[in-house]
Amino acid sequence: MDDWRACRDWVFDDGRPNLQFISSNFGDSKVQVADCGSREFTEQKRFEMSVSEFIDQWLEFSLLEHGNHPPSKLKGKTLLYLKDWHFVKEYPEYTAYTTPLFFLDDWLNLYLDHYHMHEDPDTNQKRDDLRCSDYRFVYMGAKGTWTPFHADVFRSYSWSANVCGKKQWYFLSPGQRHLVFDRNMKSSVYDIFEEVSETIFPNFKKTIWLECTQDQNEIIFVPSGWFHQVHNLEDTISINHNWFNAYNLSWVWDLLLGDYKEATEYIEDVKDICDDFEGLCQRNLAANTGMNFYDFFNFMVRFSFANILQLCHLAGSSAFAKWRSSCKAQHFIFNLESTKDIAIKMKFTCLSEIHNFSLDFRSILEEPAFLELCFQLERTGAFIHDQHAPIDNTKKYSMDDLVDLGFCNLFSTVVCNPEDLVILIDRTLQNLIILPWERSRMAGVNEIEFPASL
């Protein structure tokens, strides 16, 4: 974090947060603020205010708390915690930080830079709606602010960097999840330090916790499925990302499937009188989880197309027989294999009978958003596997390029359901990886065979 602009601009030399700088430069932003002393269902109560209003209240509370004021002055005042500030989206020209190399392979935010995860025509959702635009956040809170016990959205990975301040983390491994839920596995403990009811949570005392202190300029990684509770031991500003990729994609699907079953059971009594029961279940799933089966499948197909394009360019532009064994090629191959594994699981759901859904390669390749996604995916692979190699900023992905490389049969590929996606990935890997590319060249074959129509 040594070269992060945030570490220079947002912090005084003595480690205190430079709230005046933040208020002066970003004070008009509207943000979500949590009341750490008030609970609403399974979360802290939230409301919206501007950054400058939040900082004014923070400073006012700090003065009252540290001054010689009677307790009546503090009555009605509560600790507020700014959460989920979409800072990168709001201030793209201000480069507050650079994502660490370990965490660059981020499918979630790369996708959300170009598409909505869930398109809802009923709400007339717009592209500039920051509330659902990405999962890159700034958090700010005074000493004593905290986040209740939870596991991260989509069961994603997360990383959290302390720009200033100190946090105390309490972790519970995924294998102990059942110990912190009620007998029906519906609700979990809210605060691990409050008096936990043995009647409701009979196994809570069996939990074994991991605990650590995170100091200024330290970054912590939270794996998928690890529940945690976090307390700010000092005035703290942190930068946080949630993300997933081929390595934890199964966690996302398992969460979606579990939440879908719950959503279905909850409204089971209206199944016989509902004209579109499955559609209702999917709408409820999107409302509760942030996406539904169709959103996730759409995401999977686009990323499969993008990874296939990366392999095609590697195969077509390589003059060496060993291109398949390169780290970059193995990366994209693993991405496709992981996606295929999830698609196989999806075959046994309502997605096997999707109606009015199709994504064809030719149309996708004409989307400016998709071409930019492909370019960013290529840049990510280059950064991860060859940090010193120059980035080709002129590379473009077009139909003409694929014709030149011998992959024009891709144009007629249409994916309508998970089975189609499995077939596409299998045939892609078979043609590009298992069958020697060099043998095709020597035989004078100009095209690699792809499924003409799925």
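1. Contacts of M140. In this predicted model, M140 touches a set of residues beyond its neighbours within four places in sequence: L19, I22, F54, I55, W58, Y81, L82, W85, T236 and I237.

2. The largest nonpolar core. M140 is among the residues with the most contacts inside the largest nonpolar core, together with W10, W85, F296 and F299. This core has 107 residues. Helix 9, which covers residues 293–317, gives the most to it, with 14 residues. A second core of 12 residues is separate, and includes Y170, L172, V196 and F201.

3. The chain as a whole. There are 15 helices and 13 strands in the chain. Of its 454 residues, 49% count as buried. Among contacts with a separation of 6 or more, 79% are between residues 24 or more positions apart.

4. An aromatic pair. The whole structure holds 47 aromatic pairs. One of them can be described in detail. A pair of aromatic rings is described by the distance of the centres and the angle of the planes. For F244 and F299, the centres are 5.5 Å apart and the planes stand at 75°. Why does this pair count as edge-to-face? The angle of 75° is over 60 degrees, so the pair falls in the edge-to-face class. F244 lies in the loop between strand 11 and helix 7 (249–266), while F299 lies in helix 9, so the pair ties together parts that are 55 residues apart in sequence. F244 is buried, at 0% relative accessibility, and F299 is buried at 0% as well.

5. N240 in strand 11. Is N240 buried or exposed? Its relative accessibility is 10%, so N240 counts as buried, the limit being under 20%. This residue belongs to strand 11, residues 236–243. Its side chain makes a polar contact of 2.5 Å with the side chain of S160. Leaving out residues up to four places away in sequence, N240 touches Y135, R136, F137, Y139, W159 and S160.

6. Charges over rings. Two arginines can be looked at here. The charged end of R39 sits over the ring of Y190, at 4.1 Å from the ring centre. The charged end of R177 sits over the ring of F181, and here the distance to the centre is 4.5 Å.

7. Cysteines. How many disulfides does the count give? The count comes to 0. A disulfide is a covalent bond between the sulfur atoms of two cysteines. As for individual cysteines, C312 has 0% relative accessibility and is therefore buried, whereas C327 has 54% and is therefore exposed.

8. Positive phi values. Most residues other than glycine have a negative phi. R155 is not a glycine, yet its phi is positive, about 55°. R155 is in the loop between strand 5 (146–150) and strand 6 (157–164). With 19% relative accessibility, R155 counts as buried because the limit is under 20%. N217, also a residue other than glycine, has a positive phi near 65°. N217 is found in the loop between strand 8 (210–214) and strand 9 (219–222). At 37% relative accessibility, N217 counts as partly exposed.

Conventions
Residues numbered from 1 in each chain as written. Predicted model: local features only at pLDDT ≥ 70, side-chain atom pairs only at ≥ 80, totals over all residues. Heavy atoms only, no water. Core = buried A, V, L, I, M, F, W, Y, C linked by side-chain atoms within 4.5 Å. Buried < 20%, exposed > 50% of the residue type's maximum accessible area, 1.4 Å probe, protein only. Helix = DSSP H or I, 4+ residues; strand = E, 2+ residues; numbered from the N terminus. Contact = heavy atoms within 4.5 Å. Disulfide = S-S within 2.5 Å. Polar contact = N/O pair within 3.5 Å; in protein donor to acceptor, adjacent residues only side chain to side chain. Phe/Tyr/Trp six-rings, centres within 6.5 Å; stacked < 30°, edge-to-face > 60°. Lys NZ or Arg CZ within 6 Å of the ring centre and 35° of its normal.
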